[in-house]
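Dear colleague,

I am handing over the structure we spoke of, and it is placed directly below this paragraph. Please have it open while you read the notes that come after it.

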Amino acid sequence: MANDTLVALHVVNPYNAEVVREVPWETSADLDAKLDRARAAQRRWSLLPVERRVREVAGALGYFRANRDQVARDVTLQMGKPIVQAKREVDTLLARAEHLLAIAKYALAPEVLPAPTGMSLRIEHHPLGVVLDIAAWNYPLLVPVNVLVPALLAGNAVLLKHSPLTPLCGLHFERAFASLSVPDLVQNLVLENERAERLIGDARVDHVSFTGSVATGRKVYAAAARRLIDANLELGGKDPAYVAEDADLDFAAVNIVDGACYNAGQSCCAVERVYVHESVYAQFLERAISELRQYRLGDPLDPKTSMGPMALREAVERLERQVEDAVRRGAKVLHRSKRPSGRGSFFEPTLLGGVPNDALAMQEESFGPIVPVASVASDDEAVARMNDSRYGLTASVWTRTAARAERFARDVEVGTVYQNRCDYLDAALPWTGWKESGIGSTLSRYGFLGLTRRKSIHFRS
């Protein structure tokens, strides 16, 4: 269906099913004009020195400080994140951007190489042009900022296509960066997914960054390949945690449960399966149940609410299927929080024990507050179970032993390995996936390199 035939996108609150806002879809003429403006803006912006770009982007980000409460409220209304967590997301956006601003000059500096007498060799990093940033709804501020800020600092223009669930966040980014000296560097697009895929085929787009499902990521990658442009993909995850026999069980239980249930489990790097050494298995389950009892489900605008509704109604059915499948295979439901009354699409935080590794809850992405747990007899078995997955985003090992942590860092097939931590991104480290969890990197200096092209300078004096 063409956007020109649609009147508006209805943004619906997942808690009460009320329409939050109507946002017009892009017409073909509007989209064409935005592409042309992005190309022209990028050429002007790329001529500015990096230091100037850093100052201007830093100033534009002040919008999020000045409008913190309204931005957070819009996040909550669109996808159900508790308001306390939504405000924290605004704060994290600013902290992450500040790190990228701090390293931009270093990350983009020419690399001068040793050379024979009379020769000069260096590597320069040049902008790609127009970057299409296709962002996900689960962290509607953090997902786009991972690409948008380094793309601008590297000299690119950005077309931000947000999820149809969270288009108001795209509007906030557009307003924030409207203050730059070069207009139209960040433009928000309201497109259905099929039309966004076709947009990748437009010659005015030079790079695409996508965060979302593996199925859609394949389509994005195929569309980019047809034009021989690069794509950065952050896709699914089934992130494991291992609780070793020497773990601090109280600390591990609190953090693993939080890592599984924060944002109603709708995090790319949420803990989605837990392996516990048999010697501490029962004790860990007791502590996990105690922690799960603390969750309060309800109105996400209430500061006392610690878990809101699922952003997608169909997610509840998927999670129910995973629980039912695990029980059929011999697992036990050890805890389910009480579901609140009302129209919201809630799923109760659920602890499953004795889950076999071939169960859906251990193999297919949950993206919800399920904590499936299995007992293992050794570190070797834990590594084997953790690697038994088509995904490879993050993994965590909970141990007091540095050598054990290093062993898991070496052997577990994921992009990030944590010791005594989970569900966290550090902007100094590349955010990258192995296997079907993605291609490329955001954040750190490597995120800048993915948004530039190399030029080799080879001079003889």
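What follows goes from the overall dimensions to the sheet, and then to the pockets and cavities.

Please keep in mind throughout that this is a predicted model. The protein has 461 residues, and a compact globule with that number would have a radius of gyration near 23 Å, so the 23 Å found for the protein agrees with that expectation. Taken along the principal axes, the box filled by the C-alpha atoms comes to roughly 70 × 65 × 40 Å. The secondary structure is made up of 16 helices and 22 strands.

Among these elements there is an open sheet of seven strands with mixed pairing, and its order reads β12-β13-β14-β11-β10-β16-β17. The edges are held by β12 (332-336) and β17 (416-419), each of which has a single partner strand, so that one side of each is left without a neighbour in the sheet. From one strand to the next, the twist averages 20 degrees. Within the sheet, β11 (residues 271-277) and β14 (residues 370-376) run parallel and are joined by four bridges, and Tyr275 stands opposite Ala374 in β14. Helix α12 (residues 314-328) packs on this sheet, where it touches β12, β13 (350-353) and β14, and the direction of α12 makes about 140 degrees with that of β12.

Helix α12 comes up again in the pockets, which may be the part you want to look at for your own work. The largest pocket has a volume of about 810 Å³, and of the 35 residues that line it, Trp137, Phe210, Gly212, Ser213 and Thr216 are the closest to its centre. At least two residues of this lining are supplied by each of α8 (193-199), β8 (207-211), α9 (214-227) and α12. By class, the lining of the largest pocket divides into 16 nonpolar, ten polar and nine charged residues.

The second largest pocket holds about 690 Å³ of space, and of its 28 lining residues the closest to the centre are Thr92, Arg96, Asp423, Tyr424 and Leu425. Here α5 (83-108), α6 (142-153) and α10 (249-261) each supply at least two residues of the lining, and α5 gives the most, with seven residues. The lining of the second largest pocket divides into 13 nonpolar, seven polar and eight charged residues.

In terms of class, the lining of the largest cavity has four nonpolar, eight polar and one charged residues.

With kind regards

Notes: Residues are numbered from 1 along each chain as its sequence is written. This is a predicted model: local features need pLDDT of at least 70, side-chain atom pairs count only at pLDDT 80 or more; totals for chains, interfaces and linings use all residues. Side-chain values use heavy atoms; hydrogens and water are left out. Ala, Val, Leu, Ile, Met, Phe, Trp, Tyr, Cys and Pro count as nonpolar, Asp, Glu, Lys and Arg as charged, and the others, Gly among them, as polar. Two strands pair if DSSP finds at least two bridges between them. Axes are lines fitted to C-alpha atoms, for helices over the stretch in contact, and angles run from 0 to 180 degrees between N-to-C directions. Contact means heavy atoms within 4.5 Å. The radius of gyration is taken over C-alpha atoms; the globule rule is 2.2 Å times the number of residues to the power 0.38. On a 1 Å grid over the protein atoms alone, a cavity is a set of points where a 1.4 Å probe fits but cannot get out, and a pocket is an open set with protein on both sides within 12 Å along at least five of seven lines; lining residues have an atom within 4 Å of a point. Grid points are joined across faces, edges and corners, and a volume is the space filled by probe spheres set on the points.
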